[in-house]
Amino acid sequence: MSGILFLRSAKDDEEPDAFICAAQKEGFEAENVSVLSSVFVNEDTLSLLLEQSLQKGMVATSSRAVNALRRVWDGVSADAKACWKKRPFFTIGPSAISTIEQMGFTPSGSESGNASNLATFIVDNLNSSGPLLFLSGDKSLNILQERLKEAGISLESIMVYTTGPNPQFRCQYEAAASTNNIPNARPLVPLTPSTALDISVSDPQKHGEGTSAFVNYLVTTKTSLEAFSSPVVSVRRRFQDFAWLHKALSDEYPYVILAALPGKHRLEYITGDRFSPEFIEKRKVSLDNYLKRVSRHPLIAKSQILRRFLESNEIVPEFVAKAAQAHVLDNISDVLLNAFSKIKHPDPKYIEFKEHVDKFQETLISLERLHARLIRSETELELDMLEFGGCITTLGLMETQITSPLTDFGTILRNLCTLMRERINHEDLVYLTNIQEYIGHCMSAKETLKTRDQKQTDFEELSVYLQNHITDREKALNPQRGGGGIASFLSTKMQELQGVDTERARQTKIIKLSGKITELQEAVQASEEMSIAFNKELEREIDFYERIKLDDLKTDLKAYVDNQVLFYEKSLEYWDQIVPIIENIQQSILIADHLGWFNTVKKESTIGDIIQIRGGDRDGNQIVRLKASEVLNGDNWETEEATEETLMEWLSKQADEVALRRCCAESSNRACLI
């Protein structure tokens, strides 16, 4: 049975190993061979820091850092352990959670996915300014430290492990190759996302006016790659610079399924709105996503083309324009050359992949259409609610006795509309944009498949062309066999009439055909090698594409759900604020209903004046006054100034509305307090 060697380090907690299982599923024996190895360092210093317990929490962004902690944890005193277990432990990914929990910690932030997201999680959830103890390796980037520093959270780092070449690699490699019966082992190296570049696009600025106007963007790169001139570099780039980058990468890596460049031919360019704040913000987000996706590819992350784009000032508009024009002409020529060619022996796995991409793209298009319709409906709801809030406010101006609570009601409704608008804008800017970009990514995948088919078509067409020349040479070598047809017969007779030496002409033809055959054989061999190499690279690309796609979908859907949850939590808070406002309206109506305060009482009146106005002669209402006095539990209640506050207090001292109504019913004069 054939075997496969994976040049990778197996995860300690990954049971069973996903790569080994995938290989075995296809009928291969497989084994991991680690190219790198880690060495734990500074264990004494780490033990001392744990004993001192001065930090407010701990951060570990890799399973190796957690293993370094576990190596010294048993030697830490019980008191220090108790202190640390009460403090937050922030980590990335689920790989080390079980180890952290076994040590007694409660890990958080495991779903962040990367250092940047973890930094955001820490800022949102940490109740202090630190310091935090950061367990790092020698290859760690400074992304987490810089993000936390910007937020005012200090981080104390200690290097707990170093990573270098595996000193036992050759022995382990040869042993694994022998075990798996691979005499000339060529291990499969899977593509893994690169984290060497942290790129952001920001600060769009418009330059010029009229037809010469354009917008450029600040592209900032943070990296640990030595090829860059500085760990942090910034350049300004306009859209055509991004177009140059995409064209150059497509030419250099034709087998790579590149992220789609945000489309230039959109309605905003026709209507003249391409400089609107909304369009510029969308383009900025799209370009930021494009660079992040492109830089995740391990080959492109280290390419000179990308480095030139990220830090060089040599890209000039004339060169970019010529490159874009040449790209268009190349595409046209490719279409013309292959317009009448069709692949003769299609590979089933690529047909299956294309069908999968087609269905995925159709689903995304339906999702885009439905979500756009949902956004339109939510926009209409927002406008209706805004109008409803305005009507409530107007009603408050008309009903003067309840103006204040109705005004508050209308204000909260407007706040709800603002919250809804923010959610709609976020979904349009982020979620819907991501869907549109992945539709473009699907088209990019199909374009790469077309390039693969073109390579195979070139090989097949050249093979047919070669075979035709071989057949012609065989006929020239053996003219006695015939088979040349009427055209060959007429050609021979014409040469005889012209006095041409047919034998010499035949020999000359054989020599020319032999030279052409030799040339075609080299071309066929080169074309076959190119097609095979392209297929091998594309197989890795498809695997990388599928894994990245799943990660992106998970991230996008989680962000969408989190945004929905946040919206409804804030909405609930606003609706909770409306409840006491409604109750206040009811209380105000009771005051107006019982006392006639808003309609019949003048300023600087007392509660006693109100009863006199509403109940008749003051001295003739002894029962009313006595009953009301019992309810109010006071002798001097009549002399209190009848302000809105005192009336509220007066009403609140009643046992309930029924008690006041009973008081009125027992009055001999049935004073109308209701």
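**Sheet, hairpin and helix pairs**

Author: In this predicted model, six strands make an open sheet in the order β3-β8-β7-β4-β5-β6, and the pairing is mixed.

Reader: What makes β3 and β6 the edges of the sheet?

Author: Their partner count. β3 (36–40) and β6 (107–108) each have a single partner strand, so one side of each has no neighbour in the sheet.

Reader: How do you know that β5 and β6 count as paired?

Author: Pairing takes at least two bridges between the strands. β5 (residues 89–91) and β6 have two bridges, in the parallel sense, so they qualify. F89 sits opposite P107 in β6.

Reader: And what packs on the sheet around there?

Author: Helix α6 (residues 115–125), which touches β4 (58–60), β5, β6 and β7 (132–137). The direction of α6 makes about 155° with that of β5.

Reader: Fine. On to the hairpin: what makes β9 and β10 one?

Author: Strands β9 (residues 197–207) and β10 (residues 214–223) pair in the antiparallel sense over nine bridges, with six residues between them. D198 stands opposite K222 in β10, and in the turn G208 has a positive phi of about 80°.

Reader: Now the helices. Why are α2 and α3 called roughly perpendicular?

Author: The axes of α2 (residues 43–52) and α3 (residues 63–73) cross at roughly 75° and come within 10 Å. Angles from 65 to 115 degrees count as roughly perpendicular, so that is the label for this pair. On the α2 side, E43, L46, S47 and L50 make the contact; on the α3 side, A68, L69, R71, V72 and W73 do. By class that gives six nonpolar, one polar and two charged residues.

Reader: Last one: how do you know that the span of α15 agrees with its residue count?

Author: Helix α15 (residues 403–477) has 75 residues, and at 1.5 Å a residue it should span 111 Å. Its end C-alpha atoms are 109 Å apart, which agrees.

Reader: Where does α15 bend?

Author: At E427, by about 35°.

Technical notes:
Residues numbered from 1 in each chain as written. Predicted model: local features only at pLDDT ≥ 70, side-chain atom pairs only at ≥ 80, totals over all residues. Heavy atoms only, no water. Helix = DSSP H or I, 4+ residues; strand = E, 2+ residues; numbered from the N terminus. Expected span 1.5 Å × (residues − 1). Bend = angle between axes of the 7 residues up to and from the residue. Axes fitted to C-alpha atoms, helices over the stretch in contact; angles between N-to-C directions. Parallel < 35°, antiparallel > 145°, perpendicular 65-115°, else oblique. Contact = heavy atoms within 4.5 Å. Nonpolar A, V, L, I, M, F, W, Y, C, P; charged D, E, K, R; others polar.
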